[in-house]
Amino acid sequence: MRDQLDDAVAAPGAVSTSSDPRGAHRPSSVRPSGKRYPSRTWRQALRRDWRLYSLAILPLLFFAVFRYLPMIGNVIAFRKFEPGGSVLGEEWVGLRYVRLFLSDPTFWHVFTNTLILGTLTLLFCFPMPIMLALLINEVRHQRLKRFVQSVSYLPHFLSMVVVAGLIVELVSVDGPVNQILRGAGGDPIAFIQQPEWFRTIYVSSEMWQTVGWGTILYLAALTTIDDQLYEAARIDGAGRWRQTWHVTLPGIRPTAVTLLILNIGAFMAVGFEKILLLYNPLTYPTADVISTYLYRMGVVSNNFSYAAAIGLLEALIGLTLVLSANLISRRAVGTSLW
Amino acid sequence: MVTVDRGRGHRVFQWVNGVILTGVVIVTLYPFVNIVARSLSDENAIRSGQVNLIPRGFTFTTYEYVVSDPTFWTNYRNTVVYTVVATLIAMFLTTCYAYVLSKKDLKGRTFLIGIAVFTMFFSGGLIPNYVLITSLGMKDAIWAIVLPNAVNVFNLLIMKTFFEGLPAELEEAAAIDGMSTYGILLRIVLPLSKAVIATMLLFYAVAFWNSWFAAFLYMSQTDLFPVTIFLRNLIAGATGASSVGADAMDLTVAANIKSVTMVLTILPILGIYPFVQRYFITGVMLGAVKG
């Protein structure tokens, strides 16, 4: 009886306060039950908000099964795994697979390739959107500006398969690149078969795909810079270059730092899908990276434990990179993801 | 004197800027124009490297050929079905969870957000996922494409940010009138969220339309492939990924067939792009606001 009464009194208050994004800033007179919130127990919370929690059940099930179960599934890196057997493997084998891949020359080869491609991608694809955004921002003609933006965003919406198809056609023996070569009197080159061209193809197509879309956040940040700052800089005698250096760039720094941290976090996973679509055994010397190697070892050759051990290392390096980048950035420039 | 100089410098800059941006536009559009020109060209003209921006040996026969290929249509229809089913499930899960996360004084909220955000920076990885999906018996089933990617955390955070920005008074009033949480979500919150729902629909639909890797991993029958795999298999011949060492010419699928398939795969996206791109941009902006 008392419980029911409690329930009846609490319910409307619970719904109204829980739907109030400003929460604690509201005077408690507006929501009589508000004071109890900080010390609320789980029992009370569940009784008030069970409908809200019920909405979370299916999404939580999704995260549990398709995100956290695979994380636990990584134990097969330390356990013998039989295809068709238990998802979590059969018996402990300790660090056997880790030792195995650490002494595998191919692993170190793809590790080096990953570092090289990741570094090149970061070097070329991170600064480009900043520069393009600065240029677009200078366009005074609004319709022209919007046209340039619309066109440059377009590659972002293509399937990786289509992107790979466009690349293959572009650099094919009968494609435009070779037409230019032939026009200049050179012999056609089968670019897609040659390891020395893979990095160039990869990085330039990556730029083509990402530069335009990457400008969106910078353009948004640019519009938030206070015009008075430019005014003040002009009065102090700063020309356009100095205004860019002292006003514009500091204005977009938080955006740039945030995106840099995210890029560093994605460093190890460099373009798995694109490489998988574009590489072939002839270009393995430069194109094969950790993710493609572990794909072949695991899914193609059924060495699941071995591949899982490599994958776990890759994921841990990625996590370490993003955490340290975040920490360094918080200490150095005061910007961080969380 | 100084102002005149700056004015001229500025004019020069504007001119140079115009040239650079025109270059960017041309470079971005060039591969598209090239592929359309190829798709409308005669195979021999392509082989001899004559096709650049303008179709040579203009013909529609390749389109007719691809469109009359029953496999192409089966795969195209599969893509449509996968996209629709996956988008609906993704929307349902994302909306529910985003709404829960947007309630700032819900007990356990930080934990619920953490569960989602952590997966952005650490994932189980390819192999455990593959083992899991396989052992769940989801191979050769639509669920292998739909379920593992049903919630995108970026999209989740965008929706959460949007819900947080809605005026709380309306929901409070509805609650006082005795409406339940479900009723509030359905009849108050969702009608106010048409903009973000449109954005999310587009984000998910485009992602599922473009996706290929899940199907590549888990689908083994041709009549289950989405059109992206149809296209991949055409390209795989050209990169020599499937069989190496043999004469590249023999492996290459007719170049104009590849081009036609590419054009037909991009077409729906190009068709809606001019009308919906502002939604995409709104979405990214919302996502940029730290939650």
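Of the 338 residues of chain A, 50% count as buried, meaning under 20% relative accessible area with a 1.4 Å probe and protein chains only. This is a predicted model, in which local features need pLDDT of at least 70, side-chain atom pairs count only at pLDDT 80 or more, and totals for chains, interfaces and linings use all residues. Residues are numbered from 1 along each chain as its sequence is written, chains are lettered from A and ligands numbered from 1 in the order in which they are written, and side-chain values use heavy atoms, with hydrogens and water left out.

The secondary structure of chain A comprises 15 helices and two strands, taken as DSSP runs (helices H or I, at least four residues; strands E, at least two) and numbered from the N terminus.

Turning to the partner chain, 107 residues of chain A are in contact with 108 residues of chain B, contact being heavy atoms within 4.5 Å. The two chains bury about 9400 Å² between them, with carbon and sulfur atoms giving 74%; buried area is the accessible area (1.4 Å probe) lost on putting two parts together, summed over both. On the chain A side, Phe66(A), Phe157(A) and Glu169(A) lose the most area to chain B, together 7% of what that side buries.

Glu169(A) also pairs with Arg38(B) through a side-chain salt bridge (2.5 Å, N to O). Four salt bridges are counted between chain A and chain B, each a side-chain nitrogen of Lys or Arg within 4 Å of a carboxyl oxygen of Asp or Glu. Helix H2 (residues 42-73) of chain A supplies the largest share of the side touching chain B, 23 residues.
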